[in-house]
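Subject: Structure handover

Hello,

I am passing this structure on to you. Please take a look, then read my notes below.

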Amino acid sequence: MNRIMESINLEETLILNSDYRLVNDMDRIVLISDRGSQYFFSFIHPMHAILLSFFKGKKPMKEIISEVSNYFSISKENTLKTIHPFIKNSNNLCIEYDDRKFIFPQNVLIENTENKIRQDIDYNLYATSLPCNFERMRFSKPTAIVFVINTSCATDCIYCYANRKEKYIPMSTPKILSIIDEAHDIGITDFDITGGEIFLQKDWELILGRLNRYGFISNLSTKVPLSKEMIDKFVKIGFRELQVSIDSFDSKLQTGNLKVANSYVNRMKESLIYLDSKGIELIIKGTQTKDTLTVKNISEVIGFISLLKNVKRYMISIIGTSLYKTNEEYHRIKPSLDQIKETLNLIHQKQKEAYFEITFDDQRILKEEMCNYSRFKERSLCTGNINGLIILPDGKVTICEELYWNEHFVIGDLTKSSIQEIWNSTKAVSLWDLNQAEIPKESACSSCQDFDNCRKGRGVCWKMIVKGYDWHNYLYPDPRCPKAPKLIHNICSD
């Protein structure tokens with residue numbers, strides 16, 4: 001205990017890391033992180049949520065210790081012992097409580113160097129139904145929404161991932177605004193806009209204004225050369241960050257890859273310069289093909305954006321397969337392994353000089369991942385229909401952005417039902433709580449003894465299944481599963 005006392009500065013003001021949020025999920029609390037480099041969530045005990053909610057950033061440790069001690073009716077020594085593991089922890093934590101183990105990420109409580117005050121946490125918010133349920137993976141209500149606002153684009157990318165052939169009747173602006181209001185009212189914490197293009201949407205200022213009112217900090221992205229007038233409106237609304245997609249500053253390459261006019265590159269440069277002058281934090285993302293993943297091209301992009309003052313990150317993303325392009329097209333334009341190795345070496349060199357972060361995002365599917373038990377066991381969790389949903393431009397709701405209007409995955413219609421009604425609908429629940437008896441016999445999933453753990457655990461990648469085996473075989477195993485059949489389509493990069 002003396003060592004703990006010596007390691008704690010009682011005059012220091014700590015705060016629950018602003019990357020982490022606490023969400024009441026009816027019969028447990030969810031600790032969510034989606035503002036850092038990786039998405040993370042963990043089900044935690046309400047007592048832990050109440051403990052962490054005292055760290056709003058207002059008071060020094062000595063006052064917090066007294067408040068926590070009085071609230072839980074425990075000694076100050078035990079209070080210190082309980083709090084200590086969460087303070088500036090450099091690694092993930094495993095805390096045992098009520099004969100269960102709970103996982104916490106690193107840096108839960110940090111020094112409040114920015115003098116922030118967290119208004120979103122309060123111990124009164126974390127009363128839950130009993131008994132607590134820490135086993136069910138699917139949330140009681142959605143916490144995240146992605147709205148595909150349209151399928152309109154300023155470009156016609158040769159690697160496009162969007163379904164731009166579907167005909168639909170778009171929702172009106174008042175309906176869109178009412179959905180944003182409803183999302184706020186039921187406690188949605190993340191509402192992101194994708195497309196298509198937000199800046200090609202009628203009344204985009206009104207929509208972004210409503211999002212900003214509720215503190216929905218959308219991960220906005222654009223390929224539109226924005227005029228000074230548009231940028232001024234964007235700044236006036238209150239947004240301070242924007243992702244701009246730049247594959248190249250070579251007009252010839254962009255004309256071929258994006259099907260744009262020769263003037264496109266210069267207009268994008270003018271937009272970036274003006275955005276930068278307005279103090280907008282910029283994330284530059286390039287989606288690279290074999291034509292643009294070259295040392296020359298990447299160096300030119302880094303050279304230009306290094307002249308700007310407010311670049312936060314440069315993301316170099318390698319194209320993957322698209323459900324809306326042929327596999328032949330993909331294999332024709334994919335970068336080679338040598339190109340990828342050269343780029344990784346370049347990133348290593350350039351990162352030493354750049355003031356912004358340079359990251360590498362590999363969208364390729366590799367043969368070594370297919371029918372690979374260790375890879376499948378460690379696969380990322382699919383959060384679609386677990387804690388989030390996708391709204392399409394006409395109000396239809398699906399579970400994955402790239403699956404769009406496919407009938408197997410559309411779980412409702414917001415022009416007819418509320419968000420919570422759709423979340424609790426038979427279609428939505430049954431996609432998560434699949435009945436193994438209804439799986440076609442030709443699918444290995446129909447007789448797999450690990451079916452429930454697989455489907456209700458980390459889940460499967462629906463779009464990878466469809467890419468590999470066609471839409472009508474969507475109940476096949478994930479191609480990475482050891483029991484998966486041979487791919488019908490060659491979706492692997494190598």
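In these notes, residues pack against one another when they are in contact, which means heavy atoms within 4.5 Å. Note that the model is predicted.

Start with helix 7, residues 228–237. Its buried residues are Met230, Ile231, Phe234, Val235 and Ile237. Seen down the axis of helix 7, they fall within an arc of 160 degrees, so they line one face of the helix. They pack against helix 6 (204–213), strand 11 (241–245) and helix 9 (264–277). The face turned away from the buried side of helix 7 carries Lys228, Glu229 and Lys236, which are exposed. Just after helix 7 comes glycine 238, with a positive phi of about 120 degrees.

Next, a helix pair. Helix 2 (residues 46–53) and helix 3 (residues 61–72) have axes that come within 10 Å and cross at roughly 150 degrees. The crossing is right-handed. Helix 2 contributes Met47, Ile50 and Leu51 to the contact; helix 3 contributes Val68, Tyr71 and Phe72. That makes six nonpolar residues, with no polar and no charged ones. Tyr71 and Phe72 also belong to a cluster linked by ring pairs, together with Phe54 and Tyr123.

Last, the aromatic pairs. The whole structure has 24. One of them joins phenylalanine 249 and phenylalanine 304 in a tilted pair, 4.8 Å centre to centre with 55 degrees between the planes. Phenylalanine 249 sits in the loop between strand 11 and helix 8, phenylalanine 304 in helix 10, 55 residues apart. Phenylalanine 249 is buried at 11% relative accessibility, and phenylalanine 304 is buried at 16%.

Best wishes

Notes:
Residues numbered from 1 in each chain as written. Predicted model: local features only at pLDDT ≥ 70, side-chain atom pairs only at ≥ 80, totals over all residues. Heavy atoms only, no water. Axes fitted to C-alpha atoms, helices over the stretch in contact; angles between N-to-C directions. Helix = DSSP H or I, 4+ residues; strand = E, 2+ residues; numbered from the N terminus. Left-handed = near helix turned anticlockwise from the far one by under 90°. Nonpolar A, V, L, I, M, F, W, Y, C, P; charged D, E, K, R; others polar. Buried < 20%, exposed > 50% of the residue type's maximum accessible area, 1.4 Å probe, protein only. Arc of directions from axis to C-beta. Phe/Tyr/Trp six-rings, centres within 6.5 Å; stacked < 30°, edge-to-face > 60°.
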